[in-house]
Each structure stands twice: as C-alpha cells, then as structure tokens.
Amino acid sequence: MTSTTTQTTFDTVPLPLALHLAMYTVIGLFCMFAGGLNLIDPGHILRLGLPLLAITGFSWGYVFGILMGRREAVLLGFVASFAWIAAAGWKFSTDLPFALLLGAIGLYGLGVLAVYGKRIVA
C-alpha cells in the first residue's frame, strides 16, 4: 500500500523568516535581562527598567503575532524595521558598529517582510 501525502508550502517557517524571528526573540531576552537588572536600582526603574521590559513585551508579542499569522503583526514588523533604521541614524555619529547593527536589523526585517509578508497572512 502506497501512502501519498501532499505537503503545502505553509507547513514550516522559511529560514530567513525564522532568523528574523530569532533576532527579535534574542533582542527580547537581552532587554528582559537588562530591564530586570535595572529594576534593582530605584533611580533606573522609570528611565531604563520599564522601557526595556516594554521592548521585551513588544519583541515577543511581535514574534507570536507573526507565528499566528496576524496581519497586524506584519504591519508592526514594518514599523519596527523602520524604527531600527531610524535608531541607526540616531546612533551613527556616536557609535558606528552599534549603528551598523541596528541598521542591519532594520534592513533585514524590511527585506524578509517584503518577501514573506503575503505568505504569513495567507
């Protein structure tokens, strides 16, 4: 008896999109760790602790939204990618390697979402 199964193209997450989502997961992990450490010092709670924890929530919410195939998450990804590029322009004069990293995150996100955006919400 021969078993034939058909596999659609929507069964797995493509590697470039998986790398993009892994980037946001790692950014969320780093911000959670840094935000938690900044909650220890009362002078840094509002200035650094809570904003870093908000970035954690945003990053992980974005990843889960993309994996659930939400159209709003794709739009949010484009906005976040433009924000990374804007942050790179803001940091360009003071810290070139960090600015290049932020710009690369933003450009990679724009490219991945432009290619796979329609597949995510299909």
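Buried means under 20% relative accessible area, exposed means over 50%, and partly exposed lies in between, using a 1.4 Å probe and protein chains only. The views below show a predicted model, in which local features need pLDDT of at least 70, side-chain atom pairs count only at pLDDT 80 or more, and totals for chains, interfaces and linings use all residues. Residues are numbered from 1 along each chain as its sequence is written, and side-chain values use heavy atoms, with hydrogens and water left out.

View 1. S59 lies in helix α2, residues 45-67. Helices (H or I, at least four residues) are DSSP runs numbered from the N terminus. S59 is buried, because its relative accessible area is 1%. Contact means heavy atoms within 4.5 Å. With neighbours within four places in sequence set aside, S59 is in contact with Y24, I27 and G28. T56 also belongs to helix α2. Its relative accessibility is 5%, so T56 counts as buried. Under the same exclusion of neighbours within four places in sequence, T56 is in contact with G28, C31 and M32.

**View 2. Helix α2 from end to end.** The buried residues of α2 are G49, L52, T56, S59, Y62, V63, G65 and I66. These buried residues pack against α1 (15-38), α3 (71-91) and α4 (96-120). Just after α2, G69 takes a positive phi of about 75°.

**View 3. Aromatic rings around F58 and Y62.** Rings of Phe, Tyr and Trp (its six-membered ring) pair if their centres lie within 6.5 Å; planes under 30 degrees apart count as stacked, over 60 as edge-to-face and the rest as tilted. The count by this rule is two aromatic pairs. One of them, F58 with Y62, is stacked, at 6.4 Å centre to centre and 10° between the planes. F58 and Y62 are separated by about one helical turn because they are four residues apart in helix α2. Are F58 and Y62 buried or exposed, or in between? F58 is partly exposed, at 30% relative accessibility. Y62 is buried, with a relative accessible area of 1%. Y24, F58 and Y62 form one aromatic cluster.

**View 4. K91 over W90.** A charge sits over a ring if NZ of Lys or CZ of Arg is within 6 Å of the ring centre and within 35 degrees of the ring normal. The charged end of K91 sits over the W90 ring, 5.5 Å from the ring centre.

**View 5. The largest pocket.** On a 1 Å grid over the protein atoms alone, a pocket is an open set of points with protein on both sides within 12 Å along at least five of seven lines; lining residues have an atom within 4 Å of a point. The largest pocket holds about 500 Å³ of space. It is lined by 18 residues, and the closest to its centre are I27, C31, W84, F98 and L102. Each of α1, α2, α3 and α4 supplies at least two residues of this lining. Helix α3 gives the most, with six residues.

**View 6. D95 in its loop.** D95 lies in the loop between α3 and α4. At 32% relative accessibility, D95 is partly exposed. D95 and C31 are 64 residues apart along the chain, and their C-alpha atoms are separated by 19 Å.

Notes. On a 1 Å grid over the protein atoms alone, a cavity is a set of points where a 1.4 Å probe fits but cannot get out, and a pocket is an open set with protein on both sides within 12 Å along at least five of seven lines; lining residues have an atom within 4 Å of a point. Grid points are joined across faces, edges and corners, and a volume is the space filled by probe spheres set on the points.
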